[in-house]
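Morning, everyone. Please bring up the model on your screens.

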Amino acid sequence: MTVERFGDPSGMAMTDAPVPAPGPGELVIGTEAIGVGGVDAVIRRGTISGYGITTGLILGSEVAGTVTAVGTDVDESWVGRRAWAFTGLGGGYAEQALAQVDDVVALPEELSSIDSVALGTSAPVAHFALAHAHFAPGESVLVRGAAGSIGVATVELAAQGGASAVAVTTSSAERGARLRELGATHVLDRSGDGDPDAPASFDVIVDIVGGPDTAEFVDRLAPNGRMVLVGAVAGFPPADFGGRLLSAFQQSRSVATFSLDSVPIPARDAVRADQFGAAARGELHAVVHDVLPLAQAAEAHQQMDDGTVFGRIVLVP
Ligand SMILES: NC(=O)c1ccc[n+]([C@@H]2O[C@H](COP(=O)([O-])OP(=O)(O)OC[C@H]3O[C@@H](n4cnc5c(N)ncnc54)[C@H](OP(=O)(O)O)[C@@H]3O)[C@@H](O)[C@H]2O)c1
């Protein structure tokens, strides 16, 4: 599935391409499930230029399936094993996908490929974002933009980590109810209002939304509170939002960015493997919004553009 024209989803097309040949350090996965991520939509829209992105690009950064071939220096025992893989900025929306062996994690038998691509990126982001915020048991947490795949994982991990409260922002009561099932204790609207019993301030805010309202949420940090910006679904915060920190100097608040790219690959893979194990035991939950055929990738993207996705859409070839 390639992008033939940047813009709306109608610019995507099913295309015949040769089976990729693995080079040194690479392997090929026959895909059984393909995760549809927010970054795929950003690339499809043409918002990101550079990085070698041109029309004809195969979208998709997260796949799972069975290894079909390995490069000359890669352990041949990978062939035939079920695995999850990060494929980079593209290459995932395909029947055969190429990945670096360092970005591949073996899958437990009990975990479906579909569930693994709902968790493989988002759950490590949630784990390391909470760690980046120095989250500790007994602290209160607010997850801003909790209905996406990163948000649902952050809610569940914060609750399991012993948070005293896990508040979420979301746009509907129905989504709020589903987030409560994952461990949310307070459901707020997108402005952070709507529950008089919610804590007035939070030790940790994981912000997946960004945009102009970020400054208002800085004001919701408790003394010594930490906000970690994980995403920018509503765009970057205004350049002067740091003024809110300075005007509350005596509160000793912090704001940080966090990207999984800054975590060493072995640490990412170790946490991912642990989380796959937890999911296989039913201790961590993949939230799959819908499973669609690869040929309907444009429909999946339309749902993302419409904001109707709760968790993650998965494509199957
Ligand atoms: N830091 C990292 O390492 C990393 C890795 C991968 C991706 N990302 C970033 O994470 C983001 C995608 O995460 P995701 O897939 O979990 O999110 P998502 O599903 O795209 O969005 C999360 C939720 O935000 C809410 N939302 C959307 N627009 C909003 C707005 N204008 N104002 C307030 N709320 C809004 C929606 O929920 P409601 O309608 O319920 O409010 C939506 O479900 C992207 O910015 C991506 O670049 C970061």
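Two notes first. This is a predicted model: local features need pLDDT of at least 70, side-chain atom pairs count only at pLDDT 80 or more, and totals for chains, interfaces and linings use all residues. Residues are numbered from 1 along each chain as its sequence is written.

The whole chain, then. It has nine helices and 15 strands. Those are DSSP runs, numbered from the N terminus: helices are H or I with at least four residues, strands are E with at least two. Along the principal axes, the C-alpha atoms fill a box of roughly 60 × 40 × 35 Å.

Now the domains. Domain 1 covers 2–121 + 262–316, and domain 2 covers 134–257. These bounds come from an automatic or database domain assignment. Their centres, over C-alpha atoms, are 28 Å apart. Eight residues of domain 1 contact eight of domain 2. Contact means C-beta atoms, placed from the backbone, within 7 Å.

Last, the helix pair. H3 is residues 122–132, and H4 is residues 149–160. Their axes lie 8 Å apart, at an angle of about 50 degrees. Axes are lines fitted to C-alpha atoms, for helices over the stretch in contact, and angles run from 0 to 180 degrees between N-to-C directions. So H3 and H4 are oblique to each other: under 35 degrees is roughly parallel, over 145 roughly antiparallel, 65 to 115 roughly perpendicular, and the rest oblique. Which residues of H3 and H4 make the contact? Among them are Val125 and Leu130 of H3, with Ile150 and Leu157 of H4.

Technical notes
Two residues are in contact if their C-beta atoms, placed from the backbone, lie within 7 Å.
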